[in-house]
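Hello,

Here is the structure for the handover. My notes follow below it; please read them alongside the coordinates.

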Amino acid sequence: MLCDSINRKGTMQSRYDAESVFFEESVRSSKRQQFLLKALQLVHLAFIKQLGHLRVKSLETFKTQLEQSLRRGEAFAASVRTCAESCITEFDKGCSDAAIRHANWDVSKVRDKLHRDIEAHVSSVRNDKLSELKTTYEKQITVALAEPVESLFEVGGSDTWASIRKLLKRETDMAISCFSTALSSFELDQDAFDRMMQNLKDYARSVVKKKAREEAGKVLMRMKDRFNTVFSHDSDSIPRLWTGKEDIKSIIMEARSESLKLLSIVAAIRLDEKPDRIESILFSRLLEGKILISAGNRDIADSCDPLASSSWEEVSLENTLLTPVQCISLWRQFMAETEYTVSQAISAQEAYRQSNNWLPPAWAIVAMIILGFNEFMLLLRNPLYLFVLFVVYLLGKALWIQMNIPREFQNGILAGLISISARFLPTVMDLLRRLAAEAQGNPAPGTSRTSQHVASQSSRSQVNSPDPISSSVPSSSVSSNISTENDFEYTSSQLTHRRVTQVEQE
């Protein structure tokens, strides 16, 4: 449309020259110049709008081409150059087509504006792509470091921080290598490139520091778990059975040592391989008892004590996770919360010793030997006493086995005594009857059934009754009459024995 207007304007100039040919040359030229100026003023606005349209069209074409090029996976900087050259060439062609022959209007300002618009769009896209790329590699570093670092803190070995530093270096180097390759397509200047590399390294360190602070916040729970694991399981991870043979003091020291090691690990961040004395200070002051650990909240009076401070030597405040005072507070709380576990283990050991120790104490045995020396010599001088003692031993052994004394005392001492007293006389009579039958050469099978009947009734009464004391007494009174083939009858309620005489019918 602008070209058609310009062509029509040229036709108008020809008609003007044809009609003004008879006028004076100077007047005709002056009027002709005025006519041209007015005509150019009329089309200048349309020319500016046309340039603006060309600029917008070229910019949109650049955006579209750049997006398509990036989608195809082409390098960013190369895509920008190719698309920019194509769009500028298209714009220049449009400007030459829109140029007016009689006007020497400058289009450089519009062209510069197009360049600035392209650069602004490129900068925006570059920042978005770099931000997206940075986020992607930060996520990769987080996934590669977070869980392994947490696992290393859970293990809590002596080389925890050395393993963390090794892991951090390996994962950071891998991420930096891939990130550097990805950034090369953007053709950044060296300062921007180095800055982004350093930001990624700092982010990797921040992931480890964040995880270390999280572990410092739950170190008390970790310490208690480690104590219970070491204290309640042996080296093969088998639960301990406190039989009284274990050296419980050494086990306690080992468990506390492992727990204190966890505390020393999370007391400070050690990513720079700088030596410190945190572990040695904690072990010497807390574990070895060189510092008094009291339940009260009182200040430490000794100003020379390394734990009487709010900072560690050779450790900056930035890398301090737990101050010495906080370590003391955590250790006091740990000792208080694990004291119950220790007391339970000691009680279990004592209970096991008592349940498996039927002999009197050593001092009682020595006293019996000294005080019973005369009786012992009397037995040696009178072998008949030894024979009687041997018979008593055999009878006691038989009663022990027949009445199952250990099982009777499982329900308590009082219940066991009541049950034994109720079953003692029937058991003795049963043994005597069996001995008499064997002496006559006529063993009575009913005697064994009688014993089994008495034992079964006693065990049934103990199972059915919730009270061991009340269950042991009826076991003898319920079976008031027990008859056998030898015509014996026992009445347990009166604890009497009578013989029933049978009259044989011939």
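Ala204 is buried, because its relative accessible area is 0% (buried is under 20%, exposed over 50%, partly exposed in between, with a 1.4 Å probe and protein chains only). Ala204 belongs to helix 6, residues 190-217 (helices are DSSP runs of H or I of at least four residues, strands runs of E of at least two, numbered from the N terminus). Beyond neighbours within four places in sequence, Ala204 has contacts with Ile141, Leu145, Leu168 and Thr172, a contact being heavy atoms within 4.5 Å. Leu168 lies 36 residues from Ala204 along the chain, with 7.2 Å between their C-alpha atoms.

This is a predicted model, in which local features need pLDDT of at least 70 and side-chain atom pairs pLDDT 80 or more, while totals for chains, interfaces and linings use all residues. Residues are numbered from 1 along each chain as its sequence is written, and side-chain values use heavy atoms, without hydrogens and water.

The protein chain has 18 helices and three strands. Of its 506 residues, 34% are buried. Among contacts with a separation of 6 or more, 65% join residues 24 or more positions apart.

Phe387 sits in helix 13, residues 383-403, and is exposed because its relative accessible area is 54%. The unreviewed UniProt entry lists residues 358-377 and 384-403 as "transmembrane region"; such annotations may be inferred rather than shown by experiment. Over residues 384-403 the chain is 100% helix and 0% strand, with 28 Å between the end C-alpha atoms.

Regards
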